[in-house]
Amino acid sequence: MKDAPTRLRRFSKSVGFLAGAAILAYAWWWFSRTPYDTLTDVWRAAGSEQRSSWAISLNDPQHRLIAVAHNDGTLQVFRESSGGWRETWRDAFPKRTRMSFVTVPRDESNPKTWWEKALIKGRRLYDPEYQMDMAGSGNTVTQEAFIPKILLADLNGDSISDLVVADERLWILQGTVEGKFTRVWESPERFSPDPKDLVAQDLDDDGKPEVLLLNYLNKKERRPEHEWQSLLVYGVNPESPEWKVQRMTDILLTDSHGFHSTSSLIAGDFDGDKQVELLVGNSNGDVWVLEMQAGALKQIGNPWHVPKGGACNLGTGDLNGDGRPEMLVGTNGGHVYACAVEPDGAVRVLGTTMAGRLAYSVGNVDVNGDGTEEMMVVRGIRGYADMKKEDVMAELWTLDEKAGTLVRCWGQQVPVQSEPVAINLDGGPSEVMILHSKYRPRVLRPELPAAK
């Protein structure tokens, strides 16, 4: 019995030592975390495989936001603060019936027990090899879901991001410095369940951005229950308490096959005339050049058709350092292009190459801070149904204008085909982040080879 206090003291010391070690380990982990670790945490906190779309606003260090929509109609907003990312707002939006492509990975088709489900969830989060082997086969199903296009942009000039949501209708929500939002306008028009694109851009030089909605129309025949214009421009007047929003103009784009299917929208001063051009790509490989003239959208020149490749995915970036952005084009045939847009609407190819099948998305990033941007391409080699883990790549291409080609200078396997986002949260070289509904974010750090 005399040894009992000694054993108790030894046990207490052991527990105290282990508790102190745990506290020190946690403190080391906490203070060694990078901004990307905290961003990954908020992505996991945003939920599950029900994420359907998202938007991020990271440029202002004092007001970084992430908006995440879910299939069940929930829309959440997270804001970065000194203590990490916190949910600041959520609201419910209507779901609608739509056709969706659902992948069925070969080893996830029918998990029967709780430990099989837990193993799958863990591998989705932490096993890169498993993530890159997830494309599997798939099929199209009908489901009730909320799959909007989301845009974070300052619409009223108060340096605080507002929220634009496009699905069955177009909603505009005013933001506050706390990261909360209030609905200020809902469009009277109803839109089809097809994909959409959103851009905020000042087209009339009044200092206030207009909201541009690209409406994907996948049929030749008009559907009277839905809005039947390819591109709609909405003017926003936030000076009144109720935010007056009016439809300024619109245009219906028709390609040589008689289709109205659009796929991508970008905006910028591509020809150096101090006026914003709108470039619209479609599923048959056509690109329209549009400008706002006398309050209406006007087509400049004839549509440009990609020489090879089919459906167009558009991006923008200054690849030759001349101060004018180039139009970057990725195609479902795997060809990528860097093009100059002339004042008469003509498109001139500066460089092209065959990157591999399914150049899903193209973007720009300046990885070495020299002011000349590089093209980031996320692409696959084969189709979605038979894609394997080695088939999905994120690649960096530079422009060799004299040779008329694009030169591959970096590449890395990525889990899935998803749109890359150029970010810089730590003050160093720019990184590229890839977000996907099922998996944890992947942060890529491209490096250019040293000049010879």
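Guide: A residue is called buried under 20% relative accessible area, exposed over 50%, and partly exposed in between (1.4 Å probe, protein chains only). Phe-93 and Phe-146 are both buried. The model is predicted: local features need pLDDT of at least 70, side-chain atom pairs count only at pLDDT 80 or more, and totals for chains, interfaces and linings use all residues. Residues are numbered from 1 along each chain as its sequence is written, and side-chain values use heavy atoms, with hydrogens and water left out.

Visitor: How many aromatic pairs does a search of the whole structure find?

Guide: The search finds 5. Rings of Phe, Tyr and Trp (its six-membered ring) pair if their centres lie within 6.5 Å; planes under 30 degrees apart are stacked, over 60 edge-to-face, the rest tilted.

Visitor: What makes the pair of Trp-89 and Phe-181 edge-to-face?

Guide: Their centres are 5.5 Å apart, with 70° between the planes. That angle is over 60, the edge-to-face cut-off.

Visitor: Why is Trp-89 called buried?

Guide: Its relative accessible area is 10%, under the 20% limit. Phe-181 is buried too, at 6%.

Visitor: Why is the pair of Phe-93 and Phe-146 called stacked?

Guide: The planes are 5° apart, and the centres 5.4 Å. That angle is under 30 degrees, hence stacked.
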